[in-house]
Amino acid sequence: MSQPPLCRIENLSVTYAGAAHPALDTISLSLARHRSLAIIGESGSGKSTLARRLAGLLPANAATSGTVVWNAGAEVQTDTTFPRSGRDIGYVFQDPGASLNPVLTLGEQVAEGAVRHLGLSWKEALSHARDLLEQVQLPHPSALLKAYSHQLSGGQRQRVAIACAISARPNILIADEATSALDTITQAAITSLLDGLVRESGMTLVFITHDIALASSLADDIVVLKSGQLVEAGKATNVLSNPAHAYTKSLIAAHLDLSTPRLIESVP
Ligand SMILES: Nc1ncnc2c1ncn2[C@@H]1O[C@H](COP(=O)(O)OP(=O)(O)OP(=O)(O)O)[C@@H](O)[C@H]1O
Ligand SMILES: [Mg+2]
């Protein structure tokens, strides 16, 4: 029997104060457990708004309607506070420089989530942070605990940001264009890291990307947004090999025009 979805979103709308149109317009979709969902669409289509709504991180000027039900259909719903940002949901932002604090050591930043949400002492949490830095494949993790973000490259900073996001062992990891500020080789390494984390830990991954090739290589499921509307949703292989909507076709065609045979190869 298939598991109930981790989250069911029904008729979700989000409108920012003063905006002529809603940023999200009556969106409905389900988030499956232990799978990775790619949210794709052009700039301004509402991808980050959807991710922030899931994480409870919308700003005060956003008015929302509709329902977001977590653990829908689960027999026991004991924890009414689920999900809590930081504890249950880790969030990785596009710009790793902006998400790290320049005056705190990397160890303090990675350990903080474990102190706050797992109840570890600082000593225990720093040891946990060292393990996390190793898990995100950073060299010399013990020395890095005492280092600062300016001492790292962009790709290394993004690895630290991922370590911070998974410090409290969240069920859900949201990556909002986590690789788009990086060079192609580093993008591939971070993508493979995210993929490994999801497969190993059973986390549910929601990632936002403009890059349809990235979506094809990492996502189990895909949602396509256009001007705040959901135009397509389904299994990644189906959506990419047999897109139903003209907009999705144009996104795929735009990618193929630009470049490589990677997408063709990755779609069975
Ligand atoms: N904090 C905000 N206040 C007001 N309007 C906002 C805010 N954040 C986003 N918007 C508007 O909501 C719409 C959707 O924005 P959103 O950031 O969700 O798009 P996006 O798909 O993530 O775009 P991008 O690919 O450029 O990151 C846009 O019209 C944007 O200008
Ligand atoms: Mg965005």
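Does Gln158 count as buried or exposed, and what is the relative accessibility of Gln158?

## Basis of the model

This is a predicted model, in which local features need pLDDT of at least 70 and side-chain atom pairs count only at pLDDT 80 or more, while totals for chains, interfaces and linings use all residues. Side-chain values use heavy atoms, with hydrogens and water left out, residues are numbered from 1 along each chain as its sequence is written, and chains are lettered from A and ligands numbered from 1 in the order in which they are written.

## Gln158 in helix α6

Gln158 counts as buried because its relative accessibility is 0%, where buried means under 20% relative accessible area, exposed over 50% and partly exposed in between, with a 1.4 Å probe and protein chains only. The residue lies in helix α6, residues 154-165; helices (H or I, at least four residues) and strands (E, at least two) are DSSP runs numbered from the N terminus.

Apart from neighbours within four places in sequence, Gln158 contacts Val92, Phe93, Gln94, Pro96, Ala178, Leu182 and Ile190, a contact being heavy atoms within 4.5 Å.

Strand β7, residues 204-209, is mostly covered, with six of its six residues buried. Thr204, Val206 and Ile208 are buried on one side, and Leu205, Phe207 and Thr209 on the other.

β7 pairs in the parallel sense with strand β3, residues 36-40, over five bridges, pairing requiring at least two DSSP bridges between two strands. Five bridges also join β7 to the parallel strand β6, residues 172-176. Ile208 of β7 is the bridge partner of Ile39 and also of Asp176.
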